[in-house]
Amino acid sequence: MAWVYLVLAGAFEIVWAYTMKLSDGFTKPLYTSITIAAMVFSFALLSMAMKVLPLGTAYMIWTGIGAIGAFTIGVLFLGEALTPMRVIAALLLLSGLILMKLATK
C-alpha cells in the first residue's frame with residue numbers, strides 16, 4: 001500500500017505544481033485553493049508512504065514523479081519547449097527513479 005500512497009502523492013504534486021502556475025502568483029482564488037488542497041493531500045500521502053518506505057527512496061520518487069509530471073504537463077498544456085536536451089534530462093530522471101525502486105527491498 002505504501003507504493004500506492006507514494007504514486008498518489010506524486011500525482012497530487014503534479015496537480016499542485018500545475019495549479020500553482022495557473023494561480024498567477026496566488027492571485028486567482030480557485031487555482032490557489034486547488035493548489036493548497038493538492039499540497040495537503042500530497043504531503044499527507046507522502047507521510048503515509050514514509051511509514052514503510054526508506055526516506056531517500058520515498059522522497060526521490062515523490063519529487064521525481066512531480067518533476068517528470070510537471071515537465072509533461074508544461075509541454076502538453078502550457079506550450080513549453082520540447083527539446084532533445086529536455087527529453088534526455090527527463091529520461092535520466094526516469095531511469096534514476098526506476099533504479100531507486102529496484103534497489104529498494
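Visitor: Which residues of α2 are buried?

Guide: The buried residues of α2 are T32, T35, A38, S42, L45, L46 and A49. Buried means under 20% relative accessible area, exposed over 50%, and partly exposed in between (1.4 Å probe, protein chains only). These α2 residues cover an arc of only 165° around the axis, so they sit on the same side of α2. The arc is taken from the directions that lead from the helix axis to the C-beta atoms.

Visitor: Why do residues three or four places apart point the same way?

Guide: In α2, the exposed residues P29, L30 and V40 are carried on the face turned away from the buried side. A44 also belongs to α2, which runs over residues 29–49. A44 counts as partly exposed because its relative accessibility is 34%. A44 and A9 are 35 residues apart in sequence, yet 7.7 Å apart in space, C-alpha to C-alpha.

Visitor: What kind of model is this, and how are its residues numbered?

Guide: It is a predicted model, where local features need pLDDT of at least 70 and side-chain atom pairs count only at pLDDT 80 or more, while totals for chains, interfaces and linings use all residues. Residues are numbered from 1 along each chain as its sequence is written, and side-chain values use heavy atoms, with hydrogens and water left out.

Visitor: Where is confidence lowest, and where highest?

Guide: Read pLDDT as the predictor's confidence in each residue, from 0 to 100. The protein averages 95, and 99% of the residues score at least 70. The lowest confidence is in α4, at a mean of 92, and the highest is in α2, at 98.

Visitor: What span should α2 have?

Guide: The expected span is 1.5 Å times one less than the number of residues. For the 21 residues of α2 that gives 30 Å, and the end C-alpha atoms are 30 Å apart, which agrees.

Visitor: How many salt bridges does the whole structure hold?

Guide: Side chains of opposite charge can pair when their charged atoms come close. The test is a side-chain nitrogen of Lys or Arg within 4 Å of a carboxyl oxygen of Asp or Glu. The search finds 1. It joins E80 and R86, at 3.9 Å, N to O. E80 is partly exposed at 32% relative accessibility, and R86 is partly exposed at 30%.

Visitor: Which residues make the nonpolar surface patch?

Guide: L82, V87, L91, L94, I98, L99 and L102 make it, over about 690 Å². L82 lies in the loop between α3 (55–78) and α4 (84–103). L82 is exposed, with a relative accessible area of 56%. L102 is in helix α4. L102 counts as exposed at 66%. L102 and L78 are 24 residues apart along the chain, with 33 Å between their C-alpha atoms.

Visitor: Where does F26 lie?

Guide: F26 is in the loop between α1 and α2. Its phi is near 60°, a positive value in a residue other than glycine. F26 is partly exposed at 45% relative accessibility. D24 is also found in the loop between α1 (2–22) and α2. D24 has a positive phi of about 55°, although it is not a glycine.

Methods:
Patch = residues over 30% accessible without salt bridge, like charges linked within 9 Å, V, L, I, M, F, W, Y side chains within 5 Å. Areas by Shrake-Rupley, 256 points an atom, 1.4 Å probe, with all protein chains shown as cover. Helix = DSSP H or I, 4+ residues; strand = E, 2+ residues; numbered from the N terminus.
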